[in-house]
Amino acid sequence: MSAQSTMRRKRYSVVALLLLISMVQLIAPFKAPLQGSAYASPTSGATTCTKLQFNVTLAPKAVTRYPVIGWLCSKPSRIGRTVQVLLHGSTLNHMYWDFPLRPAMYSYVHSLTDAGYATLNLDRLGSGASGLPPGDRVTVDASAYVVHQIVHSLKTGHSPDSAFGKVLLVGHSTGAAVAVVEASRYADVDGVILTGLYHTFAPTASVIGTLYTPAAADHKFASRSMPAGYVTTLPGTQATINLYGPNADADVIKLVEADKDIAPIGENAGFARVVTNPDVVQRVSVPILSVVGQYDAYFCTGPSCPEAQAEPAAYDCKRQGAGALGVPATVCAPAAEVELVTFPNAGDALNLQRNAAGWFAIARHWSDRHFGPCPQGCQAKAVG
């Protein structure tokens with residue numbers, strides 16, 4: 001059966017919105033208990049976070065294990081709670097999802113944990129505090145397998161106070177491509193939220209591609225020991241790549257530049273493959289929310305973002321109708337299983353725009369409708 005035929009058999013509703021919002025250790029499987037340190041989150045008095053280390057391999061038969069560091073945050077009673085696994089984009093790290101500057105305004109972790117969800121905020125392999133394999137070996141396929149191991153840990157109770165109930169993947173840019181491959185290949189998650197990923201590149205994407213340089217050539221990483229095959233952005237270009245400048249605060253731009261990270265070159269080809277081959281996302285059999293900024297330099301030619309008009313075709317969408325929240329939208333079928341949102345006045349990094357709260361509200365609303373924070377109830381257990 002073809003991918004398109006499979007999609008027509010599914011009950012999908014695709015919503016293409018331009019919302020007018022102004023504010024808006026995987027422990028080696030089956031081995032020793034994970035070691036974590038609990039601390040009070042600065043973003044919410046009722047939320048606690050535990051720093052975890054997951055020891056993962058790049059492929060099922062690989063021997064070498066690499067550490068992936070993550071921060072598991074939630075209100076008490078984690079057992080049975082819906083957890084969102086957060087996957088940042090290229091040359092970013094976990095700080096993208098839990099921005100330290102005015103977290104009530106810019107932290108996705110703050111917003112979703114306040115709404116009752118758990119979040120596992122990862123430094124993806126090849127960035128932040130996580131391990132650095134040779135950069136050409138960290139492909140999108142390998143990264144998807146890494147996430148699969150972590151999802152297995154969450155769902156089988158190998159983290160200190162789980163097992164969790166529902167598990168969602170929330171990916172940004174390259175992290176979104178990893179989420180698509182993981183969900184389509186392993187079918188082990190309950191839902192997927194994608195940001196910064198459409199299936200048509202904007203003309204400006206080719207310009208963005210020239211703004212990367214070998215990480216070893218950047219003075220910021222000169223003293224860092226790393227294997228070959230890592231890149232970073234040219235000095236002063238993080239805002240150009242990630243943000244819609246007129247709707248970004250100067251102090252946010254400064255901090256994003258100061259905190260820029262490295263990225264493995266192996267993921268580049270996989271990112272393009274996911275973008276240009278919608279059959280990959282068509283194999284995802286769980287609800288999808290996809291949100292892209294109106295001025296995303298990779299995927300939207302502002303202000304109208306004609307690329308968004310082509311996106312429903314990636315989901316085999318053909319019919320018109322009313323969309324979520326009563327906004328006119330393109331709709332494929334009665335059940336709202338896929339929603340496509342073009343978010344206003346935002347670039348690729350939705351979390352860091354002045355109206356980030358509006359996008360957080362969309363993610364919460366969608367998550368509540370499909371899953372809820374505690375679909376079967378949550379049970380308490382002390383954090384180890």
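In strand 4 (residues 66–74), Pro67 is the bridge partner of Asn55; helices and strands here are DSSP runs numbered from the N terminus (H or I, at least four residues, for helices; E, at least two, for strands). The model is predicted: local features need pLDDT of at least 70, side-chain atom pairs count only at pLDDT 80 or more, and totals for chains, interfaces and linings use all residues. Residues are numbered from 1 along each chain as its sequence is written, and side-chain values use heavy atoms, with hydrogens and water left out.

**Strand 4 and its partners**

- Strand 3 (residues 48–56) and strand 4 run antiparallel and are joined by nine bridges; two strands pair if DSSP finds at least two bridges between them.
- Strand 4 also pairs with strand 6 (residues 118–122), in the antiparallel sense and over four bridges.
- Within strand 6, Thr119 is the bridge partner of Cys73.
- Eight of the nine residues of strand 4 are buried, so the strand is largely enclosed by the rest of the structure. Buried means under 20% relative accessible area, exposed over 50%, and partly exposed in between (1.4 Å probe, protein chains only).

- Three strands form an open sheet in the order 9-10-11, with antiparallel pairing.
- Strand 9 (212–214) and strand 11 (263–264) stand at the edges with a single partner strand each, so one side of each is left without a neighbour in the sheet.
- Two bridges connect strand 10 (residues 230–233) and strand 11 in the antiparallel sense.
- Opposite Val231 stands Ala263 of strand 11.

- Strand 7 (residues 167–172) and strand 8 (residues 191–195) pair in the parallel sense over five bridges.
- Val192 of strand 8 stands opposite Leu169.
- Strand 8 is mostly covered, with five of its five residues buried.
- Both of its faces are covered: Gly191, Ile193 and Thr195 are buried on one side, and Val192 and Leu194 on the other.
- Val189 is found in the loop between helix 5 (174–186) and strand 8, and it counts as buried because its relative accessibility is 6%.
- The C-alpha atoms of Val189 and Leu168 are 5.8 Å apart in space, while the two residues are 21 residues apart in sequence.
- Leaving aside neighbours within four places in sequence, Val189 is in contact (heavy atoms within 4.5 Å) with Val151, Val167, Leu169, Glu182, Ala183 and Val286.

**Helix 4 and helix 9**

- Helix 4 (residues 140–156) packs against helix 9 (residues 267–276) at an angle of about 90 degrees, with the axes 7 Å apart. Axes are lines fitted to C-alpha atoms, for helices over the stretch in contact, and angles run from 0 to 180 degrees between N-to-C directions.
- Helix 4 is therefore roughly perpendicular to helix 9; angles of 65 to 115 degrees count as roughly perpendicular, under 35 as roughly parallel, over 145 as roughly antiparallel and the rest as oblique.
- In this contact, Val140, Asp141 and Ser143 of helix 4 meet Glu267, Gly270, Phe271 and Arg273 of helix 9.
- Gly157 follows helix 4 and has a positive phi, near 85 degrees.

**Helix 12**

- Helix 12 (residues 356–370) has 15 residues and reaches 22 Å from its first C-alpha to its last, close to the 21 Å expected at 1.5 Å a residue. The expected span is 1.5 Å times one less than the number of residues.
- Its buried residues include Trp359, Phe360, Ile362 and Trp366.
- Gly372, which follows helix 12, has a positive phi near 85 degrees.

**Backbone features in loops**

- The peptide bond from Gly302 to Pro303 is cis, with omega near 0 degrees; Pro303 lies in the loop between strand 12 (288–293) and helix 11 (306–310).
- Arg102, a residue other than glycine, has a positive phi near 45 degrees. Arg102 is placed in the loop between strand 5 (83–87) and helix 2 (103–106) and is partly exposed, with a relative accessible area of 35%.
- Asn345 is not a glycine, yet its phi is positive at about 55 degrees. Asn345 lies in the loop between strand 15 (338–343) and helix 12 and is partly exposed, with a relative accessible area of 32%.
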